[in-house]
Amino acid sequence: MATVSGQLKSPSVNGRPRDLMNLIFDVSPTDTPFLTMCGKSEATQTLHEWQTDTLATPGSNVALEGADVTSYAESNTTELSNKTQILTKAINVSGTAQAIKQNGVSKQYNYQMARRMKEIKKDLEFALISNVVAANESGSTGRKMRGLPTWLPAANCSFGASGAAGTTSAACTAGTTRVPTQDLLTGVLVNIYNAGGDPDTIMAAPDIRAKLSKVLYGDSTRMEMVEKQKATATIDVYVSDFGTLKLVPNRVQAYETYSSKAAFILDPQYWKVAYLRGFKESRLANTGDNEKGQIVVECTLEARSPESSGMIADLKTA
């Protein structure tokens, strides 16, 4: 093709505006399943305390007709506690950054603060499911709340070889990993039921959740809504001998080393997040040509009856 003399082509055109969309796309997940399923409670001290109680084990009860009372029964409550943990995110936006125009952002301070709010909620989810025990502030380390895995009683858990339950002073010990089976799940459900629990949720990291679907239903693809020809290879609800349980994937759980290999079997009504200070945004004093802000939340995990739930620990997908 012959070159046309004197023709102006697009690469030579000056002053062209950028073709930058006025939208910002982000696929980052913001869901926090455990935080969402937990109800809210109130803390009034950094050491949050509550009480639990239990009934005596059933046994033979036979009395003589007309007999005087010679024996009595008593019980006492158990006191439990957890430490409140402070979580914070802060931003610092220069005056110039706040003033300039950016596609997809009206004001940089508001945009950054909205992003940090989503992040701190995910950090709280991470803290709630972390394999850590409660700790006081020490040096440069702040207070820590006791996380979900360490609350679950050994009797309601299944561990791999050398694995062990947590205590008030020690985190759970990781054991040899194994592929989940229906027998493992059934064994834990039996123990939870005997303890009085009625769990309705199985929460696991995405890869473990997917493996549980195969284990509980099989590898074959099942059909739903045949008239629409919709096929699915997942299972959202598992009907056990002790009730129906939802299978819930937790993306944040995949980032916590111990919890990423566990399937938590939960009765959500007995798990609360107790807030000493709810989520609050505060403007910080300017120290120059900038705008500063901070989000703070202080709370803890309240295990109203740990025996209501359980865990299959030390899992792998293959």
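## Getting started: what buried and exposed mean

A residue is called buried when its relative accessible area is under 20%, exposed when that area is over 50%, and partly exposed in between, using a 1.4 Å probe and protein chains only. With a relative accessible area of 8%, Cys38 is therefore buried.

This is a predicted model, in which local features need pLDDT of at least 70 and side-chain atom pairs count only at pLDDT 80 or more, while totals for chains, interfaces and linings use all residues. Residues are numbered from 1 along each chain as its sequence is written, and side-chain values use heavy atoms, leaving out hydrogens and water.

## The cysteines

Let's stay with the cysteines for a moment. A disulfide is a covalent bond between the sulfur atoms of two cysteines; here, the term is applied to a pair of cysteine sulfur atoms within 2.5 Å. How many disulfides does a search of the whole structure find? The search finds zero. For Cys38, the nearest cysteine sulfur belongs to Cys299 and is 10 Å away.

## An open sheet and its helix

Helices (H or I, at least four residues) and strands (E, at least two) are DSSP runs, numbered from the N terminus. Two strands pair if DSSP finds at least two bridges between them. Four strands form an open sheet with mixed pairing, in the order S1-S12-S13-S4. Strand S1 (39-42) and S4 are at the edges with a single partner strand each, so one side of each has no neighbour in the sheet. On average, neighbouring strands of this sheet are turned by 35° against each other, direction ignored.

S4 and strand S13 (residues 290-303) run antiparallel and are joined by 10 bridges; Ile91 has Gly293 as its bridge partner in S13. Helix H3 (residues 108-128) packs on the sheet, touching S4, strand S12 (271-284) and S13, and its direction makes about 160° with that of S4. For such angles, axes are lines fitted to C-alpha atoms, for helices over the stretch in contact, and angles run from 0 to 180 degrees between N-to-C directions.

## Asn92, out on a strand

Asn92 is part of strand S4 (residues 85-94). Is Asn92 buried or exposed? Asn92 counts as exposed, because its relative accessibility is 51%. Leaving aside neighbours within four places in sequence, Asn92 is in contact (heavy atoms within 4.5 Å) with Asn290, Glu291 and Lys292.

## Strand S11 and its partners

Now meet strand S11 (residues 263-266). Ala263 and Ile265 point one way from S11, Phe264 and Leu266 point the other way, and all are buried. Four bridges join S11 to strand S6 (residues 201-204), and the two run antiparallel; Ala204 stands opposite Ala263. S11 also runs antiparallel to strand S14 (residues 310-312), with three bridges between them, and Gly310 is the bridge partner of Ile265.

## A hairpin and a buried arginine

S9 and S10 are joined by a hairpin through two residues. Strand S9 (residues 237-240) has Tyr238 and Ser240 on a covered face, and Val237 and Val239 on an uncovered one.

Finally, look at Arg209 in helix H6 (residues 206-217). Arg209 is buried, with a relative accessible area of 9%.
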